[in-house]
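Reader: Let's go through this one together. Can you start with the ground rules and then take my questions as they come?

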Amino acid sequence: MIDVSTIYTICDQRAEQERQRADDLINEFARCSQWLQAALDHNIETTHSLNDICKGIFEGRYQFWPEDDAAMVTEIIEFPKARHLHGFLAGGNLETIQATIPKIEEFAKASGCTAATIMGRPGWTKALKDMGYGKGLVMTAKVFNTLDGQ
């Protein structure tokens, strides 16, 4: 006969561990939120809120890279003939961000990515040139209106 109470105890322990990991991630995200919000504020339009980013991390759509004095957010984008790890949000200390990129690149390679891309202000091209990054496509944008009508 199956000892259901033991199985329920194990499930409860796992649920508590998951809750603790979630709490730790929420606290770490909150600690880094000022840097991420500052980066979001530089965009031509509001594409994400901090809540959107946090939700995407919990859903597994985004990867969160917190450091002592900086944080980055990436996503994996699938194309018909390529897979890119795309950095779309970074804030905090530039030197820390630069020092973290090799770790992120290793994650990208282990995830089967064929390239790493970054979308941000023009200064990122210069900041990452010595790390092998160069200018790719240029995004030119015109905002018509926002999805929330504001």
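Author: Contact here means heavy atoms within 4.5 Å. The model is predicted, so to speak of local features pLDDT of at least 70 is needed, side-chain atom pairs count only at pLDDT 80 or more, and totals for chains, interfaces and linings use all residues. Residues are numbered from 1 along each chain as its sequence is written, and side-chain values use heavy atoms, with hydrogens and water left out.

Reader: Fine. What does Phe64 touch?

Author: Leaving out residues up to four places away in sequence, Phe64 is in contact with Leu25, Glu28, Phe29, Cys32, Leu36, Ile57, Ala71, Met72 and Val73.

Reader: And how many residues are in the largest nonpolar core?

Author: There are 16, and Phe64 is among those with the most contacts inside it, along with Phe29, Leu36, Ile53, Val73 and Leu89. A nonpolar core is a set of buried Ala, Val, Leu, Ile, Met, Phe, Trp, Tyr and Cys residues joined through side-chain atoms within 4.5 Å. Buried means under 20% relative accessible area, exposed over 50%, and partly exposed in between (1.4 Å probe, protein chains only).

Reader: Which elements supply this core?

Author: Helix 1 (4-40), helix 2 (50-59), strand 1, strand 2 and strand 3 supply at least two residues each. Helix 1 gives the most, 6 residues. Helices (H or I, at least four residues) and strands (E, at least two) are DSSP runs, numbered from the N terminus. There is also a second, separate core of 13 residues, including Leu85, Ile97, Cys113 and Tyr133.

Reader: Switch to helix 3. Where is the kink?

Author: At Ile101, shortly before the proline Pro102, and the kink is about 30°. The bend at a residue is the angle between axes fitted to the seven residues ending there and the seven starting there.

Reader: What span should helix 3 have, and what are its end C-alpha atoms apart?

Author: Helix 3 (residues 94-110) has 17 residues, so at 1.5 Å a residue it should span 24 Å; the end C-alpha atoms are 25 Å apart, which agrees. The expected span is 1.5 Å times one less than the number of residues.

Reader: Which residues of helix 3 are buried, and what covers them?

Author: Thr96, Ile97, Thr100, Ile101, Ile104 and Ala108 are buried. Their cover includes strand 1 (62-66), strand 2 (70-78), strand 3 (83-92) and helix 4 (123-128).

Reader: What happens just after helix 3?

Author: Gly112 takes a positive phi of about 80° there.

Reader: Now charges. How many salt bridges?

Author: A search of the whole structure gives 7. A salt bridge is a side-chain nitrogen of Lys or Arg within 4 Å of a carboxyl oxygen of Asp or Glu. One of them joins Glu28 and Arg31, at 2.7 Å from N to O. Since they are 3 residues apart in helix 1, about one helical turn separates them.

Reader: What about Arg83 and Glu78?

Author: Their side chains meet in a salt bridge at 2.8 Å, N to O. Arg83 is partly exposed at 27% relative accessibility, while Glu78 is exposed at 53%.

Reader: Which residue does Lys109 pair with in a salt bridge?

Author: Glu106, with the closest N and O atoms 3.7 Å apart. Both lie in helix 3, 3 residues apart. Lys109 is exposed at 56% relative accessible area, and Glu106 is partly exposed at 49%.

Reader: Which residues are linked in a network?

Author: Lys55, Glu59 and Arg61 are linked by salt bridges in a network.
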